[in-house]
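Thanks for coming, everyone. I have one structure to show today, and I'll go through it briskly. Here it is.

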Amino acid sequence: MKYWLLKSDPESFSWRDLEKVPGKKTIWDGVRNYQARNLLRDGMSVGDLAFFYHSQEEPPRVMGIVRVTKTGLADPTQFDPKSKYYDDGSSPGDPRWITVEIALERALPEPVPLPVLRGAPGLEEMVLLRRGSRLSVQPVTEKEWKIVSKLGGMKGR
DNA sequence: GCCAACGTTGGC
DNA sequence: GCCAACGTTGGC
C-alpha cells in the first residue's frame, strides 16, 4: 500500500464538502497537471491512503485521511463544455485526464497546520515542504505518514 | 493583495 | 529546440 497527499482549495472543495457528500465519496476531478495526472493514473492503487490537505487557507493544513476506492477513471469534467476543466483536445475514446475515486476514511482529531509540518523532525524531505512545490498530488513516505498521523492525534499504528 | 516558483504556449 | 511571455498556484 502506498501513501499520498491530495491538495484542495477549500473554496472549491473542502473536507466539510466531502463529509456532506452522500456516501462520503468523490471523483478527484479537475487535476490539469501532467505530473499529478501521472501519479493518479500510474501510481495509485485501490486501498492506498491519502492525506486531504487544505491549501489557500490560513494556515494551510492537513484535514484528514481518505482512501482510494477506484482507479483509472476518466475525469468527467474534461468532456463538459460548461466546466472550467473542459478540454477540447480530449475525447471519450482517448481521455487525457485520468483520476481516481476517493472515500473519506477519517478526520484527523487535530488537523495539522503547515507551520507544524515545517517544524517536525523527520519531515525535512516531504514533497509538500519543498520550496516552490505546487504539485497537487504528492507521494508521501511511510515514515512521513506515521509522523503526520501522530501530529494529527492518531494513536499508534 | 503580493509575488516567487513553476508549467505551458507559441514565435522563431 | 530555445526561450520569452504569460497564466496559475499557493504561501505569506
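**The DNA surfaces and an aromatic cluster**

The surface near DNA strand B is made up of one nonpolar, three polar and two charged residues. Keep in mind that this is a predicted model.

Which residues surround DNA strand B? They are Asn 33, Tyr 34, Gln 35, Arg 131, Gly 132 and Arg 134. What part of the strand do they face? Take the atoms of DNA strand B within 4 Å of the protein: 74% belong to sugar or phosphate. The rest belong to bases. One base contact to look at is from Arg 134. A polar atom in the Arg 134 side chain sits 2.6 Å from a base oxygen of DNA strand B.

Now DNA strand C. By class, its surface has three nonpolar, two polar and four charged residues. Here is the list: Lys 7, Tyr 53, Ser 55, Gln 56, Glu 58, Pro 60, Leu 114, Arg 118 and Arg 134. Of the atoms of DNA strand C within 4 Å of the protein, 69% are sugar or phosphate, and the rest are base atoms.

Gln 56 goes to a base: a polar side-chain atom lies 2.9 Å from a base nitrogen of DNA strand C. Then Arg 134 again. A polar atom of its side chain lies 2.5 Å from a base oxygen of DNA strand C.

On to the aromatic residues. How many aromatic pairs does a search of the whole structure find? Seven. Take Phe 13 and Phe 52. Their ring centres are 6.3 Å apart, with 45° between the planes, and the pair is tilted. Phe 13 is in the loop between strand E1 and helix H1, while Phe 52 is in strand E3, so this pair ties together parts 39 residues apart in sequence.

Is Phe 52 buried or exposed? Buried, because its relative accessibility is 0%. Phe 52 also pairs with Trp 15. Those centres are 5.4 Å apart and the planes stand at 75°, so this pair is edge-to-face. Trp 15 belongs to helix H1 and Phe 52 to strand E3, so parts 37 residues apart in sequence are tied together. Trp 15 is buried too, at 4% relative accessible area.

Put together, Phe 13, Trp 15, Trp 28 and Phe 52 make one aromatic cluster.

Terms used: Residues are numbered from 1 along each chain as its sequence is written. Chains are lettered from A and ligands numbered from 1 in the order in which they are written. This is a predicted model: local features need pLDDT of at least 70, side-chain atom pairs count only at pLDDT 80 or more; totals for chains, interfaces and linings use all residues. Side-chain values use heavy atoms; hydrogens and water are left out. Rings of Phe, Tyr and Trp (its six-membered ring) pair if their centres lie within 6.5 Å; planes under 30 degrees apart count as stacked, over 60 as edge-to-face and the rest as tilted. Helices (H or I, at least four residues) and strands (E, at least two) are DSSP runs, numbered from the N terminus. Buried means under 20% relative accessible area, exposed over 50%, partly exposed in between (1.4 Å probe, protein chains only). A residue is near a molecule or strand if one of its heavy atoms lies within 4 Å of it. A polar contact is a pair of N or O atoms within 3.5 Å; within protein, one must be able to donate a hydrogen and the other to accept it, and residues adjacent in sequence count only if both atoms are side-chain atoms. Ala, Val, Leu, Ile, Met, Phe, Trp, Tyr, Cys and Pro count as nonpolar, Asp, Glu, Lys and Arg as charged, and the others, Gly among them, as polar.
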